[in-house]
Amino acid sequence: MNAAIYSPNPDRSQLARAMRRLERDVLRMGALVEQSFRLSHQALLARDLTAAAELPRLDKKIDRFYRQIESDCTAIMTLQAPTAQDLRCLSAFMQLVRDLERIGDYAKDLAKIAIKIFPYPPHDSLPEIAVMSHHAQAMLATSLVALADLDEAGGRSIKRLDDAVDNAYDRLYQTLAFQRDVQGVVEPIVLLALAIRCLERMADHATNIGQRVAYIVTGQRS
């Protein structure tokens, strides 16, 4: 880590460089989380076990970014002299990287589900689950673009996009929970119910990121 972050009497240029480096690392972490989401989609919905095998390695990279960014935020807060706007940004970064880390965890969970469900025939609900996954991935991508551009309107728009994922979750849950023609074991039904719950939570965390972007820009929580 750059020693400038820990300088007891930093000048404003040092602080600006530290903030830019921090923003770059948050976006790099976001790119890894997007990749993990895509791989989990391939694993579950394209039955790609090679993609599933990639997730644990990728998740370790995401976790390292998470720990590093938290540490850097704390160092800037305590050892430099951030402005009120800087502090607002640092606070939001610390929260949104937690959201990113959780999306990565859910992607890893989806990979585990994909491995367990692989021996079973594809379920009729998979096309609708695929649409739900695409919606959630689009929400994450939109939230990261809003972060990169510090776009308040873009950040807030994600909350509206979440309705499509919530509606899909409700429909799919009803389909899976009340399926009457189940033959043999119910494990694949249970696994798919867990999978749609993961997707619903991933979309919620993407919504949180968008709200945190709006907070960085305005200082107001919705």
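**View 1. Arginine 98 and glutamate 101 meet side chain to side chain in a salt bridge, 2.6 Å from N to O.** A salt bridge here is a side-chain nitrogen of Lys or Arg within 4 Å of a carboxyl oxygen of Asp or Glu. The model is predicted: local features need pLDDT of at least 70, side-chain atom pairs count only at pLDDT 80 or more, and totals for chains, interfaces and linings use all residues. Residues are numbered from 1 along each chain as its sequence is written, and side-chain values use heavy atoms, without hydrogens and water. About one helical turn separates the two partners, 3 residues apart in helix α3 (residues 84-117). Helices are DSSP runs (H or I, at least four residues), numbered from the N terminus. Glutamate 101 is buried at 7% relative accessible area; arginine 98 is partly exposed at 39%. Buried means under 20% relative accessible area, exposed over 50%, partly exposed in between (1.4 Å probe, protein chains only).

**View 2. Arginine 171 pairs with glutamate 128 in a salt bridge, with the closest N and O atoms 2.9 Å apart.** Arginine 171 sits in helix α5 (residues 152-177) and glutamate 128 in helix α4 (residues 126-149), so the pair ties together parts 43 residues apart in sequence. Arginine 171 is partly exposed, at 46% relative accessibility. Glutamate 128 is also partly exposed, at 29%.

**View 3. Arginine 57 forms a salt bridge with glutamate 54; the closest N and O atoms are 2.4 Å apart.** Both residues lie in helix α2, 3 residues apart, about one turn of the helix. Arginine 57 is partly exposed at 39% relative accessibility. Glutamate 54 is partly exposed at 30%.

**View 4. Arg24, Asp25 and Arg28 are linked in a salt-bridge network.** The whole structure holds 11 salt bridges.

Conventions. Helix = DSSP H or I, 4+ residues; strand = E, 2+ residues; numbered from the N terminus.
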